[in-house]
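Thanks, everyone. I'll keep this short: a surface patch, then an interface. Have a look at the model first.

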Amino acid sequence: MTDQMMISRYFSQSQLKGLLKAGDIILPGTQASPSFSATGCIHHMDRMAKYLSEDDLNGLRMVFAAFRWMPKWKIKLILKLCNHSSRLPSFMGAGLRMLEIGLKGAILSPYYANLTAPGYDGKKVYDVIGWHPKMVVNEDGIPVKQTPVNLDTPTPEDVAEIYQRAKKAGPEIRDWGVKKRLEFISNLKAAILANQEYILDRLQADTKKSRFDAITAEIFGTLDFLDYLEKNAVKFLSDRKVPTPFALMGKKSKVYFEPLGTALLISPWNYPFYQAIVPIAQAFVVGNAVVFKPSSDTPLKGLVEALLAQAGFLPGWVQIVYGQGRTIGNLLVDGRPDKIFLIGSQPVGKAIMERASQYLIPVELELGGKDPMVVFEDVNIERAAAGAIWGAFTTTGQSCTSVERLFVHEEIYERFKETLVKETLKLVQATDEDGNADIGPMTTKAQVKAIAAQVADAKEKGAVFLTGGDWDGKSDFVPPMVVEGVTKDMLMDQEENFGPLLPLYSFTSEAQAIEMANDPEYGLSASVWSQDLKRADRVARMIYTGNVSINNVMLTEGNHALPFGGVGKSGFGRYKGEFGFYAFANIKAILIDQNSAKMEANWFPYTAKKYQIFSDLTRALYSPGRILPLIRGAFYGLKLETYVKKLAKKGRE
Amino acid sequence: MATEQFRIFDFIFVGAGISGPFMANDLVKEGADCLMLEAGKAYTRRTYPTNGLDGTSQMYWSGGLELGHDAKIAFLRPKVVGGGSIVNQALVDRFDADAWDSWRSVSKVADFSVDKMAPWYDRAESEIEIQEIPAHFRNKNAEIFDQGFKNLKFDNAPLRRAQSNCRLEEGNCCIECLNGCRLGSKQSTPETVLKTALENGLTLVPEIEVTHISEHKGDIRVTGLDPRGGQVSYRARNLVLGAGAIGNARLLLNSGFEKKLPHIGKGFFCHPQFMSFGVYEEKINSHLGAFQAFKSDDKGFRKEGFKLENVYAGPEGIALLVPGFGKIHHEYMERLPHFACIEVCTRDTNPGQIRVNRKGKALIRKVQNREDLNRYEKGAKVIDDIFKSTGAKQIVHGRFGIGLHLMGCCAMGTDPATSVIDPEFKLHGYKNIFSADSSIFPNAPGINPSLTIMALSKKAAASILRNR
């Protein structure tokens, strides 16, 4: 067990460390007995702390905090003094006895209750002390175990139980508060770091992607996002004051950010680790319970659960449900989560949204794209070409934001094409173990078929394959293909390809580039390359899309402070960054007035005179000018207030 | 809940331990409209905690042990629907002549004696099942106790326990019942009188900690803390205090009753108990089977003011009692299966006192004077002799005493200056506030109090019904 795995609602990290230190002095372990820290029973401190009186709890906090920095010999000395408390004068003895009983109670109780950290496989304390009392309970008295729920292809009954558990977990998660929830996130970070190589093995086994693709996008990206949460979530979730207008003088206005309840998250197969942890972490940090469904193609079965458990998450907080989307997708929606967040394809998005509409469950969809890359004549060709190759072929083109259409200014088209082809041919394709391959094979058979159809269609209609033209249309190892002469009637031009296909087009003017780049359907991301940043910015503004990288590619996702999401059929809603942070939040408006005898002008009774003053007030307040409306507004406001007071006292005349 | 707050009940009971349910059961049968408020949670056979950590933290005040001002005795005060009857060892003994004689002489109330109480004991016993542990189910810890008594020529007797069917033949271990009996065998009030009272229309609201009572135009208004936040208040024509010695004292003190009744909180007794362990060569496995089968029944002990009990505790309790830390501690605990255990329970003579601080928290002041310490030392000496005579290799004395028979603070008596409850179980000067729980004990009887609480509650209920 490592230090960062401890989380408590009642004790700080520092206090827990002090407790752990004292715990190992009182229970250092022997050949037979495990030490206090080894059992991880410290994980269960809250089971006791929850029931302590505030005074006792504060006492323990103080003692633990003091022990945190106290050298061991001093703690031992104190404990030795405690042992001899009966020989000391009564006032000292009492203090020491309280300390001893409090401290030992806190340390011995969880240890001798046989409690351990999740996954502990050392000696159990009950075995060491031979504690095996028997209790044969009759049918009537059998303590009900939690009904086992099948998370793998659940039945409707299972799904009902899953949501029941989530509902129960919701208030629990909420009660921790954001700071404490972030401790779980820190633990998760540590767990991911500690298990990085294993995660990469599992990722490669499921996705077949190259190890480098896996580490950069899935490990680095995930950790970076968790880091962002750690640094920003408290700020984002703090209550905010907003201005209260003149007409509502004397009142206060605030905004609270609260969890929605249970979030259903559905993720695709292309980045199965990143797309699992990131939405889970974001929804959790806001305070939601999570039901997560990974793609059945890359389920990473058991991996995310294990990491979450290692980070101290309880099973009900994040439940991971496996199965084919078409069989369990509807069931999961029928369980009525409070929010559905889906990253996936258009057809899946449509189906989920249709189902969710029956219950009016809010959905947020991150769907595919047909992302353009626009290269002007004034770029560094080597860099832009390398960017295009990475943007089109990273993760073997299986990214929703990968470059699917490359527009190059006619002036440099030929030179650019030459570099592009030359560099593309250098790519190494393998599922490697050492990080020496650039791209892996395709992850799913279905996608290989889809690409084969696009390739056959393009070949038939006369497209020219500058690379990869020799692919047999069957092998998973779909080579990177740079294609020229792609026309509007080809599938490759119209459909998302989600593979290593890069159609290359030329353009003559900025206006034409914008027109070509603007896809009638999709609008997820784009990139614009030019020495002239003003021009690049102009074009970036004109492209109908959710994200644009200038002189780089797929990089908006690299900054977790930026929101992510599309327009058009690429989906809607934003997640990540500050603007996307509230995807899982109930943004609650609060207006606070004082309890008083005062009546409001807009309440009953309505009278003709009140109508007149109110009408004067409206005119006064919103007429042009800066100072005068305020003065006149104050005048009529006062008049209105006086009249309302009179009305309250005497009633309608 | 809201509807209950507008209702005017005939009786509100504060505390659903032993006394409240016994009284309520008799009152609802006669048609009284009763509400019972309890600070603790209501558990069922299915939901009792199954380990010591959860048991002590969830079922006692302050999450387990409470300490007095000098921290020499740790007090165990149950906070659960069923109170002591959930967490005790279910010993049911009548007070003997000595106990009632001293009750009479302290309280000056003539109405209490072995004979006069016998019918009430009979009625209380008729509400529960009482059994003795059959000889062949006694475990090794009990055998050592018995053997030691024989060796030293002291008298002992089998224990009478409030239990119905422990099915010891299946290998059940009584130690498991200390956090609530999952077998439903222990005759706790939720299994017995509380159950019938609820069937007969008693309203029970758990998890309401009553913080204040006041009189309002002849009615009693009871205010409590709602666990979901905020306060709740209820009204009734009569009030029954059943929150035990500390609970009743705290509530009355916090509600300003000490102005009229200066004795509230005084006269606190707790039968300080001290466990000793004999460590044997062979395994004793004191935790297995029926671990508590005997009590001392020796006239000499009674005169000396102590009794010995054949008991045991959970590992987290014993771990707190063995001395030292580090390797020394582990050495003790690793030999736990070799431990036998006997406890001396002293009949304390020096009264303690309960006060409240500014926050309304109960402060316990309880000192063992020379006489009380002598009683302990004499008992501990006998225990040492028993262990030695039965071949113990080592003897370990518990690090501190335990107070779990919490009695007094609202003593019965005839004089409002030196007592709180009158001979009719009413608060002096009030027609409609009653108590019959352990708080009314004028002194320490030296005998386990629960059966007597049941009998007194029956008597009080009858007295209320008679005067209605």
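Start with the surface. A:F246, A:M249, A:I627, A:L628, A:L630 and A:I631 make up a nonpolar patch of about 620 Å² accessible area together. Patch members have over 30% relative accessible area and no salt bridge, with nonpolar side chains (Val, Leu, Ile, Met, Phe, Trp, Tyr) joined within 5 Å. Areas are Shrake-Rupley with a 1.4 Å probe, and for residues only the protein chains shown count as cover. A:I631 sits in helix 23 of chain A, residues 627-650. Helices are DSSP runs (H or I, at least four residues), numbered from the N terminus.

Some ground rules. This is a predicted model, where local features need pLDDT of at least 70, side-chain atom pairs need 80 or more, and totals for chains, interfaces and linings use all residues. Residues count from 1 along each chain as written, chains are lettered from A and ligands numbered from 1 in written order, and side-chain values use heavy atoms, without hydrogens or water.

Now the interface. How much area is buried between chain A and chain B? About 4600 Å², with 59% from carbon and sulfur atoms. That is accessible area (1.4 Å probe) lost on putting the two parts together, summed over both. In chain A, A:Y51, A:W131 and A:M135 lose the most to chain B, together 16% of what that side buries.

Charges next. Four salt bridges link chain A and chain B; the criterion is a Lys or Arg side-chain nitrogen within 4 Å of an Asp or Glu carboxyl oxygen. One pairs A:R47 with B:D54, closest N and O atoms 2.5 Å apart.

How values were computed: Patch = residues over 30% accessible without salt bridge, like charges linked within 9 Å, V, L, I, M, F, W, Y side chains within 5 Å. Helix = DSSP H or I, 4+ residues; strand = E, 2+ residues; numbered from the N terminus.
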